[in-house]
Amino acid sequence: MLCSVSEYFKITAFYYNPNIYPKIEYEKRAVELKRLISEMPVKNTVCYEEGKYDPQRFFDTVKGRENDFEGGEHCMMCYAMRLRETAEYAKKNN
């Protein structure tokens, strides 16, 4: 689907995952996303941008929810945090 969408839109993959720990794992995932983008058969270039890696922001966001089960409320809080950051990036960069 992305291949056909790239014909009509300028696409930017915004990587923002402060919930990934340790930093070496975060970096592995960033490298893999860049590799995937570079190998995708798209008509127009897909840009890659990376948000600030700040795991403390994640820890502060989910404080008090550390014992939630995987997929629980702390995940929803993390998704919301990441979507807000993505929306801010999109707003600043048109």
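Is tyrosine 26 buried or exposed? At 2% relative accessibility, tyrosine 26 counts as buried, where buried means under 20% relative accessible area, exposed over 50%, and partly exposed in between, with a 1.4 Å probe and protein chains only.

Some conditions. This is a predicted model, where local features need pLDDT of at least 70, side-chain atom pairs count only at pLDDT 80 or more, and totals for chains, interfaces and linings use all residues. Residues are numbered from 1 along each chain as its sequence is written, and side-chain values use heavy atoms, leaving out hydrogens and water.

The structure holds six aromatic pairs. Rings of Phe, Tyr and Trp (its six-membered ring) pair if their centres lie within 6.5 Å; planes under 30 degrees apart count as stacked, over 60 as edge-to-face and the rest as tilted. One of the pairs is phenylalanine 14 with tyrosine 89: the centres are 4.5 Å apart and the planes at 15 degrees, so this pair is stacked. Phenylalanine 14 is in strand S1 and tyrosine 89 in helix H4, 75 residues apart. Helices (H or I, at least four residues) and strands (E, at least two) are DSSP runs, numbered from the N terminus. Phenylalanine 14 is buried, at 18%.

Tyrosine 15 and tyrosine 26 have ring centres 5.0 Å apart and planes at 40 degrees, so that pair is tilted. Tyrosine 15 is also buried, at 6% relative accessibility.

Now the backbone. The peptide bond from tyrosine 21 to proline 22 is cis, with omega near 5 degrees. Asparagine 94, not a glycine, has a positive phi of about 55 degrees.
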